[in-house]
Every structure is written in structure tokens, then in C-alpha cells.
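Please consult the sequence and the structure shown here.

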Amino acid sequence: MIQRYFDALKQAVDSFAAAPFVLDVRMSFELRPGNQGYVVGALLFQDQSALHFREYLDSDGGHVSKLMYTYHYQDADRQMFFRYDNARHQPALPMQEHKHVGEAITASHAPALAEVLTEIVMTRGWVEHRG
């Protein structure tokens, strides 16, 4: 199940990697014991901004869950645009899954990597939304 998830994730990233606004993609996948997996990667964009991501996964009963994730998007000077994660904070936040934008932290669902990439592309204006 984890391998199928990895394959789908790679296919989603590859569809963005073919675009002219993506300069470089690096990803590594690791299958771990107990039906678990780990993926880490980064995409570098034409304006030198970058998305760094990690997912620690568990597969149970035909469903893949994200035990830990972070999608950190930063500009060329390494200043954060936004970050989605489910990291614990001190003091504790009222929600485990959240999004950081500047100093603000808001509740957010755990997005798929393709959703984060779409958000970046739309926000930067590299592709017009057709809906």
C-alpha cells in the first residue's frame, strides 16, 4: 500500500516537474518495517523559491495515514511564505493540523502534496486557474 502511495506521489510531482517554472526536483522514498514509509523532497522554482516536504506514513487496513508531515514553502532568501504541518507546539495549539503564514497559525486539513503545489503555482501566478 505504501509503495502505491509513493508511486502516486511521484506521478503528481512529475506532472509539476515538467513545467517550465520548476527548475529542480529531489525526492527520496523509504519503505520501513511495519507497513510504514518515509518520503522527503524539495522542488526549486524559477524565482529560486523552494518547497521542502516530508511525510512519515503508516498503512493500516488499506488506508495510508500521515503520521507526520510538513510542507514548507520559502522564498529565495529562505523566508517562509507558508508551512503546513502537524507538529506539536508549546504551548499546545487547539488543533494538531495547521498552517503557518508569517506569525499566524490557523487550523487546516492535512493537504496532499499536489494541493500544496497547486497553491504555490496559483499564488505565484505561474498558471491561470481554469475551473
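Does tyrosine 73 count as buried or exposed, and why? The model is a predicted one. In it, tyrosine 73 has a relative accessibility of 2% and therefore counts as buried, the cut-off being under 20%.

**Sheet and helix**
- The open sheet consists of 7 antiparallel strands in the order E1-E2-E3-E4-E5-E6-E7.
- Strand E1 (22–32) and strand E7 (104–107) are at the edges with a single partner strand each, so one side of each has no neighbour in the sheet.
- On average, and ignoring direction, neighbouring strands of this sheet are turned by 15 degrees against each other.
- Helix H1 (residues 2–17) packs on the sheet and touches E1, strand E2 (36–45), strand E3 (50–60) and E4; the direction of H1 makes about 180 degrees with that of E1.

**Strands E4 and E5**
- Strand E4 (residues 63–74) pairs with strand E5 (residues 80–85) in the antiparallel sense over 5 bridges.
- Phenylalanine 82 in E5 stands opposite tyrosine 73.

**Aromatic pairs**
- The model contains 8 aromatic pairs.
- One of them is the tilted pair of tyrosine 73 and phenylalanine 82, with 5.5 Å centre to centre and 50 degrees between the planes.
- Phenylalanine 82 has a relative accessible area of 7% and is therefore buried.
- Phenylalanine 82 also forms an edge-to-face pair with tyrosine 84, at 5.6 Å centre to centre and 75 degrees between the planes; both residues are buried.
- One aromatic cluster is formed by Phe21, Phe45, Tyr73, Phe81, Phe82, Tyr84 and Trp126.

**Lysines over rings**
- Lysine 99 lies over the face of phenylalanine 82, at 4.9 Å from the ring centre.
- The charged end of lysine 66 is placed over the ring of tyrosine 69, 5.6 Å from its centre.

Definitions and conventions. Residues numbered from 1 in each chain as written. Predicted model: local features only at pLDDT ≥ 70, side-chain atom pairs only at ≥ 80, totals over all residues. Heavy atoms only, no water. Pairing = 2+ DSSP bridges. Helix = DSSP H or I, 4+ residues; strand = E, 2+ residues; numbered from the N terminus. Axes fitted to C-alpha atoms, helices over the stretch in contact; angles between N-to-C directions. Contact = heavy atoms within 4.5 Å. Phe/Tyr/Trp six-rings, centres within 6.5 Å; stacked < 30°, edge-to-face > 60°. Buried < 20%, exposed > 50% of the residue type's maximum accessible area, 1.4 Å probe, protein only. Lys NZ or Arg CZ within 6 Å of the ring centre and 35° of its normal.
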